[in-house]
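Here is a quick briefing to read alongside the model. Keep the 3D view open as you go through the points.

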Amino acid sequence: MALVNERVVLCPSAVVAMGMLFSHAIVRTPSLSFAEGITTANLGKPDVGRALEQHAAYVEALRGCGLEVMSLPADEDFPDSTFVEDTAVLTAKWGVIARPGASSRMGEILPMRKVLETRFTDLTAIEAPGTLDGGDVCEWEGEFWVGLSGRTNEEGAAQFKRIVEAHGATCQIIDIQKVPGLLHLKTAVARVAPGLMVASGPVRLDAALSGLEVVEPGEGESYAANCVRVNDRVLVAAGHPNLTNALKNKGLTVVEVEMSEFQKMDGGLSCLSLRY
Ligand code: CIR
């Protein structure tokens, strides 16, 4: 165990032994060009100053979950680069470098790859013509689901499944291409506890989720389906009381995080970090 900045940072084996899910996170500060990113949200332009404040609070929430957070500097060339989750999929021991389905985001990969190479020895990249956004990948203890979406194509999903299976884990593909308004699989789905999923819309009925208990966000709360379990807490976008209460009723500890400026850019709560 090492003491860093007065916080206890545990080595990965201790983390696993304690039943914790993650010990680290990587985030990237929103750029001043943030409002020029891709969006379909029709919620108006984000306020970059407010996004920076919300991002700082998000980082604090991750630290509150016991994570050591590596914060990368803003990259003005890539307005969507704060949504780091789309650039990779990480586990405690290995990772996959994604290949974004949006061409304007392709340049986010190389800088992230350089960062990940300092931390992981086992990295496999999705190759052309495959595309895969990390936001399409949901994972729980060696069980993966990958969404076939407007961003992740069949070749990318198939490559990802092969990589996962080569690491002894399982992977099911969920086709969300016909679900209106769904950017990524994790826009609608989050695994929050053993056997328990948050899921909204038609995806909740997919055969790949059978056998899991599903908690649905309340009326008008589908944005909050993109929540994230981090160790003993679940981070949920603020302002979604029905989902928050439903998760509390399941015995989970919920931390609410303001996400309004990221929602304006189609970004969910999980997209702002890579956790491992
Ligand atoms: C994009 O359209 O790529 C960004 N504006 C939002 C990405 C959100 N990422 C995610 O849900 N994993």
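Which residue of S16 does Arg233 stand opposite? Arg233 faces Thr253 in S16. Before going on, note that this is a predicted model, where local features need pLDDT of at least 70, side-chain atom pairs count only at pLDDT 80 or more, and totals for chains, interfaces and linings use all residues. Residues are numbered from 1 along each chain as its sequence is written, and side-chain values use heavy atoms, with hydrogens and water left out.

**The three-stranded sheet**

- An open sheet runs in the order S14-S15-S16, with mixed pairing; strands (E, at least two residues) and helices (H or I, at least four) are DSSP runs, numbered from the N terminus, and two strands pair if DSSP finds at least two bridges between them.
- Strand S14 (228-230) and strand S16 (253-257) are at the edges with a single partner strand each, so one side of each has no neighbour in the sheet.
- On average, neighbouring strands here are turned by 30 degrees against each other, direction ignored; the axes behind that angle are lines fitted to C-alpha atoms, for helices over the stretch in contact, and angles run from 0 to 180 degrees between N-to-C directions.
- S14 and strand S15 (residues 233-237) pair in the antiparallel sense over three bridges, while S15 and S16 pair in the parallel sense over five bridges.

**What's tucked inside**

- Four of the five residues of S15 are buried, so this strand is largely enclosed by the rest of the structure; buried means under 20% relative accessible area, exposed over 50%, and partly exposed in between (1.4 Å probe, protein chains only).
- The largest nonpolar core has 26 residues, and Leu62, Val230, Leu235 and Leu269 touch the most other members; such a core is a set of buried Ala, Val, Leu, Ile, Met, Phe, Trp, Tyr and Cys residues joined through side-chain atoms within 4.5 Å.
- Strand S3 (24-28), helix H2 (48-64), S14 and S15 each give two or more residues to this core, and H2 gives the most, with six.
- Not counting residues up to four places away in sequence, Leu235 touches several residues, among them Leu62, Val230 and Leu269; contact means heavy atoms within 4.5 Å.

**Asn226 in its loop**

- Asn226 sits in the loop between strand S13 (213-215) and S14, and is buried, with a relative accessible area of 6%.
- Its side chain reaches the backbone nitrogen of Leu269 at 2.6 Å.

**Aromatic rings**

- There are six aromatic pairs, counting rings of Phe, Tyr and Trp (its six-membered ring) with centres within 6.5 Å; planes under 30 degrees apart are stacked, over 60 edge-to-face and the rest tilted.
- Phe144 and Phe160 have ring centres 5.8 Å apart and planes at 70 degrees, so this pair is edge-to-face.
- Phe144 lies in strand S9 (residues 143-148) and Phe160 in helix H4 (residues 154-166), 16 residues apart.
- Both Phe144 and Phe160 are buried.

Definitions and conventions
Polar contact = N/O pair within 3.5 Å; in protein donor to acceptor, adjacent residues only side chain to side chain.
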